[in-house]
Amino acid sequence: MSEVEDFIYCHEGNQRELMLFFHHLFTRELNLTAKIKFRIPFYYGKSWICFLNPLEGNKVELAFLRGNELSNTQALLQSKGRKQVFGVVLEELSDSLLQQLHEIIHEAILLDANKPYSLKNKKKTS
């Protein structure tokens, strides 16, 4: 078992089910690489694409590192005061929610594959 799966199995109930579902989707179906960073599972293509963050109340946040660059036509992603990372807090999955999440995930993967991530250069003001 991988370190990410060990992490997931340390959780219970909905958190475990949600994280296992997305872990299998990301690694088996979408061929992303999983690693534990900052004590939570991150998923990579060319660069960081998303992460799973277990929250209090048996919830999980699915967050996208370049969420500010996604269309968010589904109006699911929230910034929570973050400038770049946008996510959605999940308690359970319905078929309609899953369809919307698939659209967001595929958009994030296309963004990662087609537009390299770059830090914006900031000019120093003296």
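These legends walk through a few views of the structure above.

The model is predicted, so to speak of local features a pLDDT of at least 70 is needed, side-chain atom pairs count only at pLDDT 80 or more, and totals for chains, interfaces and linings use all residues. Residues are numbered from 1 along each chain as its sequence is written, and side-chain values use heavy atoms, leaving out hydrogens and water.

**View 1. The order of helices and strands.** Here you can find 3 helices and 5 strands (DSSP runs, numbered from the N terminus: helices are H or I with at least four residues, strands are E with at least two). Starting at the N terminus, the order is α-α-β-β-β-β-β-α.

View 2. Of the 126 residues, 40% count as buried (under 20% relative accessible area with a 1.4 Å probe, protein chains only). The C-alpha trace spans about 55 × 30 × 30 Å along its principal axes.

**View 3. His11 in its loop.** Look for His11 in the loop between helix H1 (3-9) and helix H2 (13-29). Is His11 buried or exposed? His11 counts as buried because its relative accessibility is 16%.

**View 4. The partners of His11.** Which backbone oxygen does the side chain of His11 reach? The side chain reaches the backbone oxygen of Phe7, at 3.0 Å. Leaving aside residues up to four places away in sequence, His11 touches Arg16, Met19 and Pro54 (a contact means heavy atoms within 4.5 Å).

Note on methods. Buried means under 20% relative accessible area, exposed over 50%, partly exposed in between (1.4 Å probe, protein chains only). A polar contact is a pair of N or O atoms within 3.5 Å; within protein, one must be able to donate a hydrogen and the other to accept it, and residues adjacent in sequence count only if both atoms are side-chain atoms.
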